[in-house]
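Dear colleague,

I am passing on the structure we spoke about, and my notes on it follow below. Please look at it first and then read on.

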Amino acid sequence: MKLFLTGASGLVGGTFAQLAAAHGHQVIGIVGRFTGELPGLAQRLSLDLTDANTLTSALRAAAPDAIVNCAAISEPAQCDADPIRSEAMNVALPALLARFAREHNLRVLHLSSEQVFDGARTTPYAPSDAAHPINLYGRQKLASEHAVLAAAPQNSAVVRAPLLIGNSPSRTRSVHERLLADWRAGRTPRLYTDEFRQPCTADNLSAALLELLSRPDLCGVFHWAGAELLSRYELGERIRAHFNLSATEAPLAAVTRADTPRVSLSRPPCLALDLNPLARALRTPPQTLAQQLPVLRA
């Protein structure tokens, strides 16, 4: 298949491009200002994804068989700093892609986020549970889901992704890359002991997305994540151990949400996800952290 991939220079997009190419797909990757190497792309386009006319022209010229949207402004602080641009990227862009997919009868996958939930409970959230985002990023992601499903209900699958680890093209995007950068710079990362996530590698998520792409019978909202719920602090400890670093070489500061009450108001405390029905439908299995860590590179 010829795939139109947005966010090709990001953590998930870069990984997905390589995996899709390895499976024989032709990937047209859309990037912003990133100039580094991007393996897996048959064609690389540098576009402003907030320019609807330019993007539509590129879609028509590409004439893809399917669309995969991995582009987003995914840092909540960046959304707060520039809500107009983040709205254009996080909501208007996926809506446009979905409309194009419906008009041309194409399969479209849209990457959403666990941040659509408030994290106020400890039991896993099912895809059908009511969403209640507590930050602008989460609200924009929820709006994007509604827009995609309204525009292309028979063509689209929305996947809510968790905290991601893996190897990004820029080597700056994932959890372990940021931890290593802090340690190299002599900084001590502050990680919450009472904030819980279900981390997943971009590799495992990309495998699930690629399989989902070939399942037009699976439409709607789905969850994907790792098989374990961990505190951010425990995740940091496990990453440190994976790279055989000592607590002196790679210090971590344990903090609680009570230590940062104002910041914590916009941070969901516990985002456990129920991975069914997608996990039952795919051959790709969710992975434990022990299974994920070997892919991480320093």
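In what order do the seven strands of the open sheet lie, and is the pairing parallel or antiparallel? In this predicted model, the order is 3-2-1-4-5-6-11, and the pairing is parallel. At the edges stand strand 3 (43–46) and strand 11 (220–223), each of which pairs on one side only. From one strand to the next, the twist averages 20°.

Within the sheet, strand 5 (residues 107–113) and strand 6 (residues 156–161) run parallel and are joined by six bridges, and Leu 109 stands opposite Ala 157 in strand 6.

Two helices that pack on the sheet deserve a look. Helix 4 (residues 83–103) touches strand 1 (2–6), strand 4 (66–69) and strand 5, and its direction makes about 170° with that of strand 4. Helix 7, for its part, touches strand 1, strand 4, strand 5 and strand 6, and its direction makes about 150° with that of strand 5.

How many of the 12 residues of helix 7 are buried? The count is 10, taking buried as under 20% relative accessible area, so helix 7 is largely enclosed by the rest of the structure. Among the buried residues are Ala 202, Asn 204, Ser 206, Glu 211 and Leu 213. The length of helix 7 (residues 202–213) can be checked as well: at 1.5 Å a residue it should span 16 Å, and because its end C-alpha atoms are 16 Å apart, the two values agree.

With best wishes

Note on methods. Residues numbered from 1 in each chain as written. Predicted model: local features only at pLDDT ≥ 70, side-chain atom pairs only at ≥ 80, totals over all residues. Heavy atoms only, no water. Helix = DSSP H or I, 4+ residues; strand = E, 2+ residues; numbered from the N terminus. Expected span 1.5 Å × (residues − 1). Buried < 20%, exposed > 50% of the residue type's maximum accessible area, 1.4 Å probe, protein only. Pairing = 2+ DSSP bridges. Axes fitted to C-alpha atoms, helices over the stretch in contact; angles between N-to-C directions. Contact = heavy atoms within 4.5 Å.
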